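Here is a short report to read alongside the structure.

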Amino acid sequence: MQPLPFPTPNLSAAAELDASNAGVVVLAVQPSGESSDDVTTVTCEIPSSLSDAIQSVIKNACDSGELTGKPGEITLFATGDSQTPWVLLAGVGTADQQSRGKAYELGASVVRRLIDKPRKQISFVIGQAIESDDHDAVVAGAVSACEGQHLYHSAPAVSVPENIAFVGFSENAVTRGGTLGHSINHTRRLVNEPPSIMNPSGFAQYAEKLASECGLSCEVWDEKRLEAENCRAILAVGRASTSPPRLVMLRHDGGGDEAPLVIVGKGVTFDSGGLSLKPSEGMVDMKCDMAGAATVVGVMHALAELKVPRNVIGLCGLAENMVSGDSYKLGDVIETRSGKTIEILNTDAEGRVVLADTLDVAVQHNPEAIVDLATLTGACMVALGTDVAGLMTNSESVCDAVEKAANAECEPVWELPMFPLYDEKVKSKVADIKNVGEGRWGGAITAAKFLENFVAEVPWVHIDIAGPAFMDSPKPHRDAGATGVMVRSLVRWVENAS
Ligand code: BES
Ligand code: MN
Ligand code: ZN
């Protein structure tokens with residue numbers, strides 16, 4: 001595993017631009033029209049502490065007619081001034097083009113544009129152009145840009161800037177944004193590490209170390225404890241692996257004696273499909289199959305650092321789905337921890353099997369609500385594409401709260417129906433339920449229907465992140481690989497529930 005902590009920039013809030021030590025000065029460029037259909041020229045607020053010569057270079061750029069001021073537009077140029085050698089103009093769009101999501105992307109794409117070379121200082125001077133409520137999102141984006149999937153290049157692929165100053169931001173926005181950015185990066189790091197390193201015990205060790213640093217309590221169940229706890233479903237999925245399963249329980253005690261919220265994550269550290277073996281094309285990215293569990297770790301880290309006044313438990317069900325003489329088999333019947341029996345008809349539908357026991361542990365804590373995250377089905381990607389997470393629930397009110405938090409963070413989610421007619425499709429002839437639906441139709445929902453059997457009466461939302469958790473190609477604001485999707489949304493969901 002790459003050593004922790006990994007390099008991160010020093011972050012600071014500043015009232016004024018220190019023009020003698022500004023490094024790269026980042027300024028916001030806005031279309032001067034009221035709405036996006038009415039764009040003629042661009043405007044830029046230029047700090048008066050910059051030299052006259054630099055101010056006129058920037059004015060000329062704005063008057064050139066070549067800038068649009070659209071979100072995502074980035075122009076980096078040399079000033080010829082030794083104190084402030086570089087200026088970066090970043091388009092922030094008109095008021096109707098701005099959002100919290102765009103603020104995050106702005107911070108991220110600016111820093112990503114600058115990490116090609118070692119830099120001592122970057123100074124964001126965009127305070128007025130961005131809603132102050134979204135200043136933390138700019139910081140989170142800037143921090144997230146320092147992490148990517150290039151962990152094992154022998155020559156470092158990116159240089160993390162030494163210092164990033166945010167002029168006109170509050171201390172609070174910088175601290176909060178930094179925490180969110182680091183939390184997202186922990187999630188992404190867990191996912192991006194190779195599967196033989198981030199196996200169940202490697203994951204558990206990372207979680208334990210992080211928990212001790214941020215003041216979460218952490219309990220790890222090894223295979224003996226899992227046996228004692230009757231977690232036969234988790235053990236069955238992990239049985240063919242030489243890296244035995246684990247269950248990680250993180251606890252943030254921020255509240256009084258109220259019932260906790262529990263966040264559960266699928267942590268299949270590698271999904272070969274088992275005896276229902278995946279072809280190479282389907283297996284190649286399956287180190288990402290613990291993204292749900294990694295999201296739980298990221299969210300719990302943020303809740304602890306932000307001292308959110310709520311009791312929250314994070315549970316990660318960790319197993320490696322492999323092939324051996326001892327593999328769990330098609331036709332096997334497993335008595336889960338809850339006592340319900342499941343018939344295995346496809347060993348590649350392993351995530352729901354791991355979650356069956358993990359959700360049962362969650363229920364035992366008498367939670368007010370459970371949210372689970374899982375890279376559960378290809379079917380959810382067929383339904384919603386790669387950018388949108390699927391929501392399925394037994395409680396419209398908790399689902400609405402999750403949806404509201406995700407909308408506020410601009411992380412796209414869409415609810416899929418849980419009509420009772422789907423219940424029939426996971427009934428088994430030999431056991432209580434079977435681990436596949438009938439054919440592939442409605443596969444995201446039949447998977448959720450399976451899970452619903454293990455949450456008893458607890459209000460519950462299942463989030464299928466198979467699409468947005470891991471990306472094949474990079475974006476201006478993010479490297480390819482793990483995305484850290486839903487960390488911000490779930491932190492907000494817990495904060496809203498506090
Ligand atoms: N981990 C996969 C789902 C997945 C696919 C996640 C692509 C991310 C990207 C899951 O364990 C799986 O294999 N699901 C099967 C279920 C089927 C056998 C009922 C699927 O979606 O094909
Ligand atoms: Mn699978
Ligand atoms: Zn899987």
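The sections below cover the domains, the contacts between them and some side-chain pairs.

## About the model

This is a predicted model, in which local features need pLDDT of at least 70 and side-chain atom pairs count only at pLDDT 80 or more, while totals for chains, interfaces and linings use all residues. Residues are numbered from 1 along each chain as its sequence is written, chains are lettered from A and ligands numbered from 1 in the order in which they are written, and side-chain values use heavy atoms, with hydrogens and water left out.

The protein splits into domain 1 (10-169) and domain 2 (182-496), with bounds that come from an automatic or database domain assignment. Their C-alpha centres are 37 Å apart. Where they touch, 16 residues of domain 1 are in contact with 22 residues of domain 2; contact here means heavy atoms within 4.5 Å.

Between them the domains bury about 1700 Å², with 52% of it on carbon and sulfur atoms. Buried area is the accessible area (1.4 Å probe) that two parts lose on being put together, summed over both. On the domain 1 side, Arg112, Glu147 and Gln149 lose the most area to domain 2, together 34% of what that side buries.

The interface of domain 1 and domain 2 holds 2 salt bridges, each a side-chain nitrogen of Lys or Arg within 4 Å of a carboxyl oxygen of Asp or Glu. Arg189 forms a salt bridge with Glu147, and the closest N and O atoms of this pair are 2.7 Å apart.

Helix 2 (100-114) and helix 3 (135-144) each supply at least two residues of the side of domain 1 that touches domain 2. Helices (H or I, at least four residues) and strands (E, at least two) are DSSP runs, numbered from the N terminus. Helix 2 gives the most to this side, with 7 residues.

Across the structure, the salt bridge count comes to 31. Arg100 pairs with Asp136 in a salt bridge whose closest N and O atoms are 2.9 Å apart. Because Arg100 lies in helix 2 and Asp136 in helix 3, this pair ties together parts that are 36 residues apart in sequence.

What about aromatic rings? The whole structure has 4 aromatic pairs, meaning rings of Phe, Tyr and Trp (its six-membered ring) with centres within 6.5 Å; planes under 30 degrees apart count as stacked, over 60 as edge-to-face and the rest as tilted. The rings of Phe124 and Phe166 have centres 5.0 Å apart and planes at 20°, so this pair is stacked.
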